[in-house]
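Hi,

Here is the structure I promised to pass on. My notes on its pockets and a few neighbouring elements follow below.

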Amino acid sequence: MQTNSRIASIINANSLDFSVTGIPAFDLSVLELPDKLHVELPTNLRLGHLVEKIISELIKASSNYNIVYENLQIIEDKKTIGEIDFIIQNEITKQLTHLELAYKFYLYDPTLSAEPINNWIGPNRNDSLQEKLEKLKTKQFPLLYHDSTQSTLDTIAIDTVSNALCLLISLFIPYEYKANFDPSFQKAIKGYYINFETFISHHSKGNTYYLPQKKEWGIDPSDNEIWLEFENIEKKLSLNICEKQSSLCWQKNKDSYLAFFIVWW
């Protein structure tokens, strides 16, 4: 995994705004970053923690924000009841912000509901955008006002702390699906999804592929240097389908690149 590509993918990721989430948004574009960034990324982190590490380093490297608390565990009766991702401070206004992060990949299943917001689900159908937003609103952000949080942050006036969400998303729609999406969603559409049989039928000579590890998801396929023939990924894909694991696939044909999910459902 190339560090520069991984960092660029986070800086350039699309975020959902208040009109969709109902939560004030924190856009990474507000960070005043140096022209050259040097960030050492651990190799043993899962995707969510890796993204958290990158955003932490971006905030620290910025000239207009600093981190007051990071990964703050809230404990009640010797049990951890939750964790606050960040409390950051604007260096100019001195405003404190409780910042929660999420880096998600959702696929659109139009058969689920007449309400589009309900149709964005995880690649393996075990989570959804709506569930994520509900958890943020009912559990994550209210955690700031819990008695145990207030006793932990006894040097901070909790009622002066604002809340903000940095929800970075990559969206995928059914192959050849035609629909008009809200602009917030449209700009985040990175590709499509298909089943295994359709993928096989669409393979053509000249296509090469790469199945990125999850920690590589979201990187621009054009930054990838390893490309394989169809025969070299077919067995892995078959196994994933049998195990009900959808796969992100990158495709290259000359100077053209695609990103799509091959789903088991």
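The largest pocket has a volume of about 1200 Å³, counted as the space filled by probe spheres set on grid points joined across faces, edges and corners. A pocket here is an open set of points on a 1 Å grid over the protein atoms alone, where a 1.4 Å probe fits, with protein on both sides within 12 Å along at least five of seven lines; lining residues have an atom within 4 Å of a point. This is a predicted model, where local features need pLDDT of at least 70 and side-chain atom pairs pLDDT 80 or more, while totals for chains, interfaces and linings use all residues. Residues are numbered from 1 along each chain, and side-chain values use heavy atoms, without hydrogens and water.

The largest pocket is lined by 41 residues, with R46, L47, G48, Y103 and K214 nearest its centre. Strand β4 gives the largest share of that lining, six residues. By class, the lining has 16 nonpolar, 13 polar and twelve charged residues, with Asp, Glu, Lys and Arg as charged, Ala, Val, Leu, Ile, Met, Phe, Trp, Tyr, Cys and Pro as nonpolar, and the others, Gly among them, as polar.

The second largest pocket holds about 310 Å³. Its lining has 20 residues, and S9, K190, G218, I219 and D220 lie nearest the centre. They divide into eleven nonpolar, six polar and three charged. Elements α1, β4, β6 and β9 each supply at least two lining residues; helices (H or I, at least four residues) and strands (E, at least two) are DSSP runs, numbered from the N terminus.

Best wishes
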